[in-house]
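Student: Could you walk me through this one? I'd like to begin with the overall layout and then go into the details.
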Amino acid sequence: MNKSTVIYAIIITASVLLGSWLLFWGANALVWIMSLDFSPFALLTEMMSGGGLLTKFISYMLSFEWAYGLAFLYILITIGKEEGRLSDTQRLIFAIPTILIIMIYDPRIASYMPGFIESALRFLQQTCAARLIGGVSWLNHSTDTAISDGFYFTVFDMMIAGVYLFWYWSSSKND
């Protein structure tokens, strides 16, 4: 790997991480605002989140978890267009921030990392507020935005990886 490729990787990683942080907070706001809906549909969606894996998945998608994937796709498309025609190596470089986003936004991963990486992840999660928030719980009468269901993060992880793979595949078709 030559010096220009390393510099390109650092710039792309920083750009994608910063863009994700900003747009994910927009998605967090959307998730929270949409959770204020007190209707039978909102209650049904929340009740579904206590069911099996398929009903949880549907519940999380109906409660706007898809907004994070859409925000990430927007970032990839925007930065990809700015760069023009991307080579295979350049498209693969986008996997670095994709992996980092999953590591940062899934709080379960930090505890499995070596100390210095765990410290960096915890700093980003806590001090820089790089986290996902939940909405208002009408069933539990709670406004706590902490997400306690690990499956929510699993869906997020798979969605972000899937968005990257979709973008990689679709951008290679444009060559």
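Tutor: A word on terms to begin with: helices (H or I, at least four residues) and strands (E, at least two) are DSSP runs, numbered from the N terminus. In those terms L30, for instance, has its place in helix α1. This is a predicted model, in which local features need pLDDT of at least 70 and side-chain atom pairs count only at pLDDT 80 or more, while totals for chains, interfaces and linings use all residues. Residues are numbered from 1 along each chain as its sequence is written, and side-chain values use heavy atoms, with hydrogens and water left out.

Student: How many helices and strands does the chain have?
Tutor: The chain comes to nine helices and zero strands, so that the elements read α-α-α-α-α-α-α-α-α from the N terminus on.

Student: Which residues make the nonpolar surface patch?
Tutor: L30, W32, I33, M34, L36, W66 and L70 make a nonpolar surface patch of about 610 Å². The areas come from the Shrake-Rupley method with a 1.4 Å probe, and for residues only the protein chains shown count as cover. The elements giving two or more residues to the patch are α1 (3-35) and α4 (66-83), and α1 has the largest share, with four residues.

Student: OK, inside now. Which residues touch the most other members of the largest nonpolar core?
Tutor: They are F24, Y68, F72, F94 and F156, in a core of 41 residues; such a core is a set of buried Ala, Val, Leu, Ile, Met, Phe, Trp, Tyr and Cys residues joined through side-chain atoms within 4.5 Å. Helix α9 gives the most to this core, with 10 residues.

Student: How many aromatic pairs are there?
Tutor: The structure holds 12 aromatic pairs, counted when rings of Phe, Tyr and Trp (its six-membered ring) have centres within 6.5 Å, with planes under 30 degrees apart called stacked, over 60 edge-to-face and the rest tilted. The pair of F94 and W167 is tilted because the ring planes stand at 50°, with the centres 4.7 Å apart. This pair links distant parts of the chain, since F94 is in the loop between α5 (88-93) and α6 (95-105) and W167 is in helix α9 (residues 150-173), 73 residues apart. Both F94 and W167 are buried.

Student: What about Y164 and Y168?
Tutor: Their rings also form a tilted pair, because the planes are at 40°, and the centres lie 6.0 Å apart. Both lie in helix α9, four residues apart, about one turn of the helix. Y164 is buried, at 7% relative accessible area, whereas Y168 is partly exposed, at 22%.

Student: What sits over the ring of Y168?
Tutor: The charged end of R91 does, 5.2 Å from the ring centre; the criterion is NZ of Lys or CZ of Arg within 6 Å of the ring centre and within 35 degrees of the ring normal.

Methods. Buried means under 20% relative accessible area, exposed over 50%, partly exposed in between (1.4 Å probe, protein chains only). Patches are made of residues with over 30% relative accessible area and no salt bridge: like charges are joined within 9 Å, nonpolar side chains (Val, Leu, Ile, Met, Phe, Trp, Tyr) within 5 Å. A salt bridge is a side-chain nitrogen of Lys or Arg within 4 Å of a carboxyl oxygen of Asp or Glu.
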